[in-house]
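Here is a short briefing on selected parts of one protein model. Please look over the sequence and the structure before reading on.

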Amino acid sequence: MNERLLAFKEKYKSILNFITDKKTVKGARITYQVIWNLFLVFLTIVIIGTAFSVGLGAGYFASLVKDEPIRSYSSMKKDIYDYSETSNLYFANGVYLGKLRSDLEREEVKLNQISDYLVKAVIATEDGYFYQHKGVVPKSIFRALFQEVTNSSVQTGGSTLTQQLIKNQILTNEVSFQRKASEILLALRLEKFFTKKQILEAYLNVSTFGRNSSGRNIAGVQAAAKGIFGKNASQLTLPEAAFIAGLPQSPFGYTPFTNEGKLKNDLQPGIQRMKTVLKRMVDGKYITESQYKTAVVYDITKDFAPHGVNPVESYPWLTFEIEKRSIDVLATVLAEKDGISEKELKKNDKLYNNYLTLANRDLHQKGYEIHTTIDKGIYDAMQKAKNQYPYYGPDKPQIVKDPDTGQKITVMEPVQVGAMLIENKTGKIVSFVGGRDYNEQQLNHATSSIRQNGSTMKPLLVYGPAIEAGKAFPGTPLPDVALKLNPANPSNPWPHNYDLKYSGIVSARDALTKSINVPAVKLYKDIQPLKPIKYLEKMGFSSLVNDDYSNLATAIGSLRNGVTVEENTNAYSTFANGGKFIDAYLVDKIVDKNGKVIYQHKVKPETVFTPQTAYLTLDMMRDVVKRGTAAGINSRLKFKTDWAGKTGTGNEYIDSWFVASNPNVTFGIWTGYDTPKSLQAKGNLTYSQRTNYLWVDLINAAYGINPNLIAPKESFSMPSGIVKRSYCSVSGMLPSVACTKAGLIQSDYFNAKYVPTQTDDSLIDGKYVQLGDKKYLAMDTTPDDFAQEGVILNPDFIKRIVGNNFTDYTQLIPKKDSWSKILVPNAKLSENGKIPAAPTISVNDKTITWTSVSESDVIGYRVYKVDPIATKAASIKTGSSLSYTGGTGTYYVTTVDIAGNESSPSNEIQIGPSNSQAVSGH
């Protein structure tokens, strides 16, 4: 022990001597100075290098953001809150329909309307330092930068919620240092302008969350909560909040739904992500350990919303129609905000298209409420009735080009339907039927299909305008004969009636009731100088072309293009509105997301006809329903009301129509094939009956929902200025003695302004003879015993009614008892200039018989009894039974012709014993 102590002291002493040695001290001093100087040099280099690097980095950062504008508060506010929000669609009376078709569905929500669980989950998962940082977290940025530079397999990301908001709303998703630099700069600036709550609220409304149960892309927590769990964001539970908070990292990887709205087969990625979110929440002290344990084992799949039906799937024709019309409405609203009137806008196609583009963008991004006029109950009922209707008629083959192969193939085309129900006084489109099956044919046959409207054109273009001009009234006599009105083919009769028959002189009322074409075209030709087609323009016909203005066939609906069901039905409502046209509409109002009404439809009636014209035309159309081509609907209707309407058939039976009004509504229907072909088919029902019965089924369905609307108890009211007067049914003028004598006086309604003031001159007193069912004018010498009193059509009147080139006057006489004594001036029986031959007679018991004399001018026979002087016993007209039953005596018969010439006596015959035999017997 002592030895060790002595050794240590000795060693210590030698070291001390070494240290205190002058040489050692000098050397140490030199070494220290060298090391210190080297340290100073190194420190200087580090400081200079760091400063250089910082300066270089700052310079590089500055170069990256040099083109980034300095944004004001208002500019940044506009950008941050300018997120697209899906517009909502509504039926009438605020009944919700669904979201507008959109690439991304979003619904704005305030922060205080979001579950606290969801807010905490998002912060714990996406930005743990959200309430501490000023927009960026430097160490996170450097870490992400290092990982990027070193191409590390682990990428933790360095964006705060603020940066993500900047990326989503102001910048793009481009991966570059320049974009990142701008993001950092703007994030710092955003934090300066906005509170944490404002930033968080904007972020929660902006982020994407995959798909909803309808298969639509969603953004914003409200759309996510509704679309994934079927509840508002404020109602989310902890597991539900954690699931949604995990989605933004990989929205389509974690979303539970496919693009068809069905649950994915493998839901584990999303569930595992939910568990990760819950772990971060408990680690960050946002929830307790107990809450974590309960939530992490919760079966989230039972909370997923059931498959949601997309409005486009349930109401395809309706949603697309709303979208189309809303864009048009918004284009006008935007243009008017810029000082451009609707009239100016639609005159300039380029300008109009520009505003349509802007309107389309706003409609899909600004979260409007689109309120429509469609009654959901009636609309649904009509679709059901349409689907259940059994009498459309057969599918027919059509050759088309296969879009995939380009080859010609044969497909079977079904009969399509378009129908439109309009409220008269407002123009509201209450309901419509767009077609049979949207999946097979997307064309909206109610609003977009342009077809010839057949005889439904007659009240609109012929009878209405003619009555308005004082050129006709319901009783106006019109010729239904073989007129040649086609200027392109003046040698052949045209137009033809659907039954290929003629009725002679008919009233306008009957011509419309029976849908007779010839009178309508003749009347249209007479009023063409007045340009009646201007009435179609006033009533909203939008597809008229130059040919339609000059073509006489326009009168019976043969348009070059045609008309939509909506336009045709809307035009008919003019009569129901007392002659005022009220444009039909579907979009009632548009409300922005702040509750401000930016568009409200206003009813703007336009006078087309006087109330008197409207009523007289309606009264004529009442007869179509009561006893005319639409009479078959009455036995099938479930209710009674005052209907007035008209049927129609397109050329070659390719279109079938029925449009009718009552005081409340007008309902029109069309059926036909998309590729025009005849609707005629074998079966118990005609094409017209099939159309009319479908009309009945649809209106019955509407009645079942709203009987007060569909079946008003009141009738169309007669306006002042309507009077009922008697007139001669041959000419339409005041009754003459001849017309009265003929029994051809009728009475009907007139516009008091146009009551006739001249006495009828269409008939002349005269005599005639009748041979069978034919009548001929009597000559002055025609014996009275073969002639009858009658009246003759005045030749001047005939020229007025059919013109100079029509010669078959007999066609003018209707086959009616009331017209049986009316003759035409060329109904003459030619006299052959000879004394007629005597007949040969025979007797059987007491009956004398003979055969007719084969001469064309023979009008009858006289039977004489010789007793002992010959006296006339009877006059027998040609066409009657050639026989006579008499008493005892001697008889003979003579022949009489139209000129009064009488033949010599026939052979004599004896009925019973002669006088001499009677004396000898005594």
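At what angle do helix H4 and helix H12 pack, and how far apart are their axes? In this predicted model, H4 (residues 116–126) and H12 (residues 268–283) pack at about 90 degrees, with axes 9 Å apart. Angles of 65 to 115 degrees count as roughly perpendicular, so H4 is roughly perpendicular to H12.

**The contact of H4 with H12**
- H4 contributes Tyr-117, Lys-120, Ala-121, Ala-124, Thr-125 and Glu-126.
- These residues meet Arg-273, Val-277, Arg-280 and Met-281 in H12.
- The contact residues divide into 5 nonpolar, 4 charged and 1 polar.

- In H13 (residues 289–296), the residues Tyr-292, Ala-295 and Val-296 are buried.
- Down the axis of H13, its buried residues fall within an arc of 90 degrees, so they line one face of the helix.
- An α-helix has 3.6 residues a turn, so residues three or four places apart point the same way.
- Ser-290, Lys-293 and Thr-294 are exposed, on the face of H13 turned away from the buried side.
- The cover over the buried residues of H13 includes H12 and helix H10 (238–245).

**A sheet of 3 strands**
- The sheet is open, with the order S26-S27-S30 and antiparallel pairing.
- Its edge strands are S26 (841–844) and S30 (883–885), each pairing on one side only.
- From one strand to the next, the twist averages 20 degrees.
- S26 pairs with S27 (residues 847–850) over 4 bridges, in the antiparallel sense.
- Ile-841 has Trp-850 in S27 as its bridge partner.

Terms used: Residues numbered from 1 in each chain as written. Predicted model: local features only at pLDDT ≥ 70, side-chain atom pairs only at ≥ 80, totals over all residues. Heavy atoms only, no water. Pairing = 2+ DSSP bridges. Helix = DSSP H or I, 4+ residues; strand = E, 2+ residues; numbered from the N terminus. Axes fitted to C-alpha atoms, helices over the stretch in contact; angles between N-to-C directions. Parallel < 35°, antiparallel > 145°, perpendicular 65-115°, else oblique. Contact = heavy atoms within 4.5 Å. Nonpolar A, V, L, I, M, F, W, Y, C, P; charged D, E, K, R; others polar. Buried < 20%, exposed > 50% of the residue type's maximum accessible area, 1.4 Å probe, protein only. Arc of directions from axis to C-beta.
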